[in-house]
Amino acid sequence: MLQIEPIPAFDDNYIWLLHNGAGDHDRATVVDPGDAEPVIERLRADALSLGAILLTHHHYDHQGGVGDLLSLWPEAMVFAPEDTRIRLATQRVGEGDQVRPPGLATGFHVREVPGHTATHIAYLGEGVLFCGDTLFAAGCGRVFDGTFEQLAASLRRIAALPAETLCYCAHEYTIANLGFAEWVEPQSEALAARMIDAKALRARGEPTVPSVLALELATNPFLRTNEPAVISAAEGFAGHRLTDATAVFTALRRWKDERYD
Ligand code: ZN
Ligand code: FE
């Protein structure tokens with residue numbers, strides 16, 4: 001049975017630790033180790049070695065720990081997208097590729113989800129998605145070197161996955177994201193309920209991630225660009241009619257960038 005646990009890093013990153021669970025406590029996999037130190041500590045505490053690293057994109061807070069981890073576990077495989085900004089990769093992967101981390105009973109399919117960056121990928125397993133900085137709980141990543149069109153399309157691909165999919169993003173941004181979502185849909189009871197739940201989790205020091213895709217579809221404005229209330233809120237920011245979902249998405253993303261964050 002695949003175990004997935006967060007390793008908190010920096011102020012608000014989650015490095016995801018994957019292993020087979022009790023009885024098979026051998027080689028683990030980590031997703032987006034921006035910092036080696038907390039990973040090393042956790043692996044040592046749990047008597048695990050490192051079999052593989054999965055990278056979603058090149059940003060430092062996601063790949064910064066790879067070098068130090070490889071110096072301790074030089075045989076670890078490093079899966080990453082084709083991108084010269086990621087130097088330490090052993091396997092370059094893209095759309096449709098399968099990833100089988102050594103020591104894990106489960107494998108993953110690679111999905112290209114550009115937008116936050118031009119080469120961002122996600123890893124889809126059985127009922128779980130490691131989506132890096134593409135989809136956040138109640139939000140989405142900013143557009144850096146990808147495009148708004150790419151990010152809108154990538155989020156549509158994620159939205160089409162089974163509704164029970166658990167989304168493991170790389171940051172604890174949920175409460176701030178819910179605040180913006182409430183700007184967009186102030187009347188939403190689902191949002192108000194989610195805010196209460198998220199605040200209760202954080203008050204207990206617990207992560208709000210993963211989130212189930214069904215909840216994202218009900219409350220994440222960036223996945224709700226076909227909803228009349230979301231469209232009219234986005235039009236209110238843009239100051240004119242928005243005629244397709246990508247235009248609505250772009251207005252929402254600019255609104256949050258310019259006025260909220
Ligand atoms: Zn990033
Ligand atoms: Fe990040």
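Trainee: Which strands each supply at least two residues of the lining of the largest cavity?
Mentor: They are strand S2 (13-19), strand S10 (128-132) and strand S13 (166-169). Strands here are DSSP runs of E with at least two residues, helices are runs of H or I with at least four, and both are numbered from the N terminus. Before we go on, this is a predicted model: local features need pLDDT of at least 70, side-chain atom pairs count only at pLDDT 80 or more, and totals for chains, interfaces and linings use all residues. Residues are numbered from 1 along each chain as its sequence is written, chains are lettered from A and ligands numbered from 1 in the order in which they are written, and side-chain values use heavy atoms, leaving out hydrogens and water.

Trainee: What makes a space a cavity or a pocket?
Mentor: On a 1 Å grid over the protein atoms alone, a cavity is a set of points where a 1.4 Å probe fits but cannot get out, while a pocket is an open set with protein on both sides within 12 Å along at least five of seven lines; an atom within 4 Å of a point makes a residue part of the lining. The search of the whole structure finds one cavity of 30 Å³ or more. About 210 Å³ of space lies in the largest pocket. Grid points are joined across faces, edges and corners, and a volume is the space filled by probe spheres set on them.

Trainee: Which residues line the largest cavity?
Mentor: Among them are Tyr14, Trp16, Val31, Asp32 and Phe130.

Trainee: Why does Asp32 count as buried?
Mentor: Buried means under 20% relative accessible area, exposed means over 50%, and partly exposed lies in between (1.4 Å probe, protein chains only). Asp32 has 3% relative accessibility, so it counts as buried. Asp32 lies in the loop between strand S3 (27-31) and H1.

Trainee: What sets the phi of Asp32 apart?
Mentor: Asp32 has a positive phi of about 55 degrees although it is not a glycine. Most residues other than glycine have a negative phi, and most peptide bonds are trans. Ala47 also has a positive phi, near 55 degrees. The peptide bond from Val209 to Pro210 is cis, with omega near 5 degrees.

Trainee: How do you know whether Ala47 is buried or exposed?
Mentor: Its relative accessible area is 58%, which is over the 50% cut-off, so Ala47 is exposed. Ala47 lies in the loop between H1 and S4.

Trainee: What does Ser49 contact, leaving aside its neighbours within four places in sequence?
Mentor: Contact means heavy atoms within 4.5 Å, and Ser49 contacts Asp26, Arg27, Ala28, Leu43 and Trp73. The C-alpha atoms of Ser49 and Trp73 are separated by 7.4 Å, although the two are 24 residues apart along the chain.

Trainee: What makes a group of residues a nonpolar core?
Mentor: The members are buried Ala, Val, Leu, Ile, Met, Phe, Trp, Tyr and Cys residues joined through side-chain atoms within 4.5 Å. The largest core has 51 residues, and Phe108, Tyr123 and Phe130 have the most contacts inside it. Apart from it lies another core of 22 residues, including Leu17 and Ala28.
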